[in-house]
Amino acid sequence: MKKLIAANWKMNGQSAWASKPEQLFDLLGKIIPDRSQILICPPSVYLQQVAKNAHKYGMNAGAQNCHSENSGAFTGEISANMAADCEADYIICGHSERRAMFGDTDATVKAKADSVITSAMGAIICVGETLDQRESGEANSTIESQLRASTPEASTALNTVIAYEPIWAIGTGKTATLEDIAQMHAHIRAVYSDMFGEKSAQDLCIQYGGSVKPANAKDILSTDGVDGALVGGASLNMEDFAKIVQAA
Ligand code: PGA
């Protein structure tokens with residue numbers, strides 16, 4: 001399976017960053033490694049510019065969030081089909097920052113992912129446990145319940161990516177152990193298999209996210225069941241991001 005390496009710029013960037021795909025292409029020696037797919041998710045105001053350049057260099061672009069409705073009186077929001085109109089290929093749904101700070105629930109994440117799929121893009125559905133949940137032995141059950149409640153019925157391995165991002169590892173410099181990552185990815189695949197069948201589960205791309213950086217990318221990306229990475233902080237620096245892509 002190809003590894004999907006995604007840059008989540010969060011609320012960082014400026015219009016000059018639209019040239020980052022070209023910079024990345026140069027850093028990669030003008031070669032997009034065929035075993036990896038590159039995805040850049042800028043703030044939505046820059047999406048169209050970044051998407052145009054990403055496509056020029058054989059990469060993908062995506063939004064970081066969307067509303068579940070196509071249009072309407074939702075001041076400040078963007079819809080999945082608007083992102084598609086700006087040439088997005090994917091939309092991140094239910095990032096833990098959205099869940100913690102902007103009220104995204106499993107039900108809204110599911111509705112958003114459904115609208116992403118209906119708009120013919122890939123939905124990257126994020127799941128992750130808190131440190132408390134991990135330490136009290138509830139990591140598996142937390143992830144299972146998030147997955148079951150956040151994944152729309154229309155999900156297939158072609159239109160869905162699951163990003164496992166332990167909340168305590170995001171932006172903290174802490175990463176889960178390789179054993180914990182392998183265990184959780186196998187657990188996610190088993191739950192997905194129960195929901196959508198064995199074949200879909202085998203084909204499903206499951207990313208790991210949480211303090212992925214050049215120094216740990218190779219180990220994480222060669223861990224069993226890890227099909228890619230969702231990279232926050234280290235994706236703001238194209239040299240670091242290029243190294244992560246190369247590790248894939
Ligand atoms: P991080 O963020 O790489 O800065 O930990 C990952 C994410 O939030 O997707």
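**Around the ligand and into the core**

Q: How far does a backbone N or O atom of Gly232 lie from an oxygen atom of the ligand?
A: This is a predicted model, where local features need pLDDT of at least 70, side-chain atom pairs count only at pLDDT 80 or more, and totals for chains, interfaces and linings use all residues. Residues are numbered from 1 along each chain as its sequence is written, and side-chain values use heavy atoms, leaving out hydrogens and water. A polar contact is a pair of N or O atoms within 3.5 Å. For Gly232 and the ligand, the distance is 2.9 Å.

Q: How much of the ligand's exposed area does the protein bury?
A: Accessible areas come from the Shrake-Rupley method with a 1.4 Å probe. Taken alone, the ligand exposes 280 Å². The share of this that the protein buries is 96%.

Q: Which residues touch the most other members of the largest nonpolar core?
A: In soluble globular proteins, nonpolar side chains tend to be buried together. A nonpolar core here is a set of buried Ala, Val, Leu, Ile, Met, Phe, Trp, Tyr and Cys residues joined through side-chain atoms within 4.5 Å. The largest one has 63 residues. Those touching the most other members are Leu24, Ile188, Tyr208 and Phe241.

Q: How many residues make up the other core that lies apart from the largest one?
A: Its members include Leu39, Ile92, Cys126 and Leu230. The number of residues in this core is 12.

Q: Is Lys30 buried or exposed?
A: Lys30 forms a salt bridge with Asp26 (a side-chain nitrogen of Lys or Arg within 4 Å of a carboxyl oxygen of Asp or Glu). Buried means under 20% relative accessible area, exposed over 50%, and partly exposed in between (1.4 Å probe, protein chains only). Asp26, at 38%, is partly exposed. Because its relative accessibility is 53%, Lys30 counts as exposed.

Q: Which residue forms a salt bridge with Asp104?
A: The model has 13 salt bridges by this rule. In the one with Asp104, the closest N and O atoms are 3.8 Å apart, and both residues are buried. The partner of Asp104 is Arg98.

Key: A polar contact is a pair of N or O atoms within 3.5 Å; within protein, one must be able to donate a hydrogen and the other to accept it, and residues adjacent in sequence count only if both atoms are side-chain atoms.
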